[in-house]
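Hi,

Here is the structure I promised to pass on to you. Have a look at it first, and my notes on what turned up follow just below.

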Amino acid sequence: MTTVVLADDHHIVRQALRALLETEPDFQLVGEAGDGLEALRIVERLKPHVLVLDLMMPGLNGLEVARQVTQRCRTKIIVLSMHANYAYVAEALKNGVAGYVLKDSQASELVNAIREVAAGRRYLSAPLSERAIQLYGRKIGQMPADPYDTLTGREREVIQLAAEGHTNVQIGQRLFVSPRTIETHRANLMRKLGLQNQSELIRYAVKRGIVSVDS
Amino acid sequence: MLQALIGAEDGAFDCEWVKTITAAVARLHQGGIDVVLLGLGLSDSQGLSAFLQIQDNAPEVAVIPLTNGRDDAVGLKAVRLGAQDYLVKDLLTQQPLAHAIRNAVERKRTHEALKKAQNGVELREEDRTSELNQLYDEEQKAHRQSEILRVASLALTRSLDLDQVLLSLLDCLATLVPYDSACVILHVAESQFGVAVARGYEYFADGVPLKRLVFDMQAYPHLREILESRRSVVIPDTADYPGWNASIGAGLLIRNWVGVPLIANDNVIGLYSVDNRNPDFFTAEHRELCEMLAPQAAIAIENARMYATLGSREEQLRSLSHRLVQMQEAERREIARELHDEVGQVLTGLNLVLGTAARQAAEKVGEGLAQAQTLLNDLMGRVRALSLDLRPLMLDDLGLLHALVWLFDRYTGQTGVSVRFTQTGIRGRRFGQDIETAAFRIVQEALTNVARYSGVDEALVHIWASDDMISVQVEDRGRGFDVDSVLSAGQSSGLAGMRERTELIGGRLTIDSVPGTGTYVSANLPLHAAGRVERGGP
């Protein structure tokens, strides 16, 4: 027998889920919660095998409930969510969630998910896949190793002209924009590259080969 | 006999003998005499008149009249008039004579010292009195000045309207200094100053349009001197002042000129000047009275200017909130339309399908329900999309980075424009809700512009955050546009919206676009609230 607690702030959803779970003889619904804090209390008291958790709830949102539950007990968590977006899936998994089921999937999916996570496996709703989660993680993690890569095209033009000794006014004339705009570009690129002053800028530009020493 | 008596004193006294008052007076005038022993029966003067003659001619010398026994009353009178003693001739013996002479000299010295001391006291008293009179005058003057200041301050602070303040200043000056003309010159920008108010110049020249005249103070020596010395300057006679011909007063019949700087927050914010057609007309007191008004006037003018700035700031906020209300209405109209067209139609379909299923034979119900489920899933998709259009909940739930990645996917899907994205310092970090929203909306708006106007299929987004700032940059290598003409043509609700969002949270938006070379939008948003414009409730 698998014990289950339901947490969802919508009464209608809880009612529907209860009806669904009652059709399965090996599931026993032991408690229900209408908000995040209540969910946390009930799970700690009843220690069910599985918690079916709505992602967005008042009081304490689902992600935070998941994080705290996995820290305190061995209850497996299935998140019910309307978001098929990988940002949510990735965050949920990061917080220790074992299953992620979309609200618009077939009713039978939730039943399968409960059986899977109770048996110690991970479950993702049909359109979601582990592979996509990895890809997403890589996308998010994409951080430029070299701060130079974060420079805009304009900033690259400005650093070169500045390193060649041109003033903001001269650079502005060359690029057909106001000196004040050039000033912004210069300030931004220096912040990005962590440069304090003009001589550091020149040294950086020479080291990167943006300007040559002879020029 | 006297001679014998004095001689017996063993050289204690030097004696000289004269026989007449005239001779005595002549001798006394030569000095060196301490005591006169005066017989009252001399040939040229007798009695008290002899004594008085001696006293008048030598007031510092002790006098001892020698009386005959029957003239006792004369001796007493002489003592009353200032003689040190008197001796009765017939009763003289050696001892009391020497004693009397010494006493007389001593008494006379004491008397003289006392008199001198008394004179000193009287002199000091006179000094004190004149000192007191002077103090009284000064106190009166201070009182007058403080009264002038009080009245001036009342007049100057009565209004927060700059023009009113300036007119009050001219009025106050008029009550203090009889000027023929006066004007107030205020700082405009850089070294430019402008005449803010002027009075009386019609006397000199017909309708000289002095008001709002803007000029460079550095170009006029007397004005430059005020700027540099930060003190008032007087030109006693402009005819003798070499710089005057080059000044703005040229052509006017100003002869005597006084200019006083207006200093607020340590800056010379302007000056006021009074003029007279007569040379050397203004006195030192006139100048002093002119100067007295300066601190009050400077404060009043600064306050009025600040108030005016606040007013225009308020005006900006009002028009901004007006636009926000308009935008909100436009959005609501859009939502209402979508709810009606998209959601409403599907719900109608669902209603029909379920109604049909209910009347169908048992074996066909399953088919109807499956149809209903398809419609339902479609409906869920539409509602979700609608909700995301309104506001991506992800921004609140997961933060800026996730929301942006989602935005780029969706944007590329809808427009075919791909996004190259780099970020530093925002992963795993949450910023204030207003900052995350502003950053997200600025990127969204800038990307929309790229898709609409640039004509390229790639946009670059850079975001980097430090401890105190987050910077959002969107660039494309597309068509570009002339920023000024687009902004002024008012066809730029997108650009203006971005600028407003940025400025509302105290940031700065830079749009750099040149036709033919692409567009670059950068918003630097401070993470701490300093300098933000407070906004009222919704």
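Let me begin in chain B with strand β11, residues 458-465, where seven of the eight residues are buried. Please keep in mind throughout that this is a predicted model.

β11(B) has a strand partner in β10 of chain B (residues 418-424), and the two run parallel, joined by seven bridges. Within β11(B), B:H462 sits opposite B:T422. Together with helix α13 of chain B (residues 433-454), β10(B) and β11(B) build a β-α-β unit, and its hand is left-handed.

There is also β12 of chain B, residues 469-476, which pairs with β11(B) in the antiparallel sense through six bridges. One bridge there links B:A465 to B:I470 of β12(B). Three residues separate β11(B) from β12(B), and the two strands form a hairpin.

Now over to chain A. Its secondary structure consists of 10 helices and six strands. Of its 215 residues, 36% are buried. Among the chain A contacts with a separation of 6 or more, 61% are between residues 24 or more positions apart.

Finally, how do the chains meet? On the chain A side 24 residues are in contact with 27 residues of chain B. Four helices of chain A, namely α4 (86-94), α6 (130-141), α7 (153-163) and α9 (179-193), each give at least two residues to that side. The largest share, five residues, belongs to α9(A). Sorted by class, the chain A side holds nine nonpolar, eight polar and seven charged residues.

Best wishes

Methods:
Residues are numbered from 1 along each chain as its sequence is written. Chains are lettered from A and ligands numbered from 1 in the order in which they are written. This is a predicted model: local features need pLDDT of at least 70, side-chain atom pairs count only at pLDDT 80 or more; totals for chains, interfaces and linings use all residues. A residue is buried if 20 or more other C-beta atoms lie within 10 Å of its own, exposed if 12 or fewer, and partly exposed in between; C-beta atoms are placed from the backbone. Two residues are in contact if their C-beta atoms, placed from the backbone, lie within 7 Å. Ala, Val, Leu, Ile, Met, Phe, Trp, Tyr, Cys and Pro count as nonpolar, Asp, Glu, Lys and Arg as charged, and the others, Gly among them, as polar. Two strands pair if DSSP finds at least two bridges between them. A crossover is right-handed if, with the strands pointing away from the viewer, the path from the first strand over the helix to the second runs clockwise.
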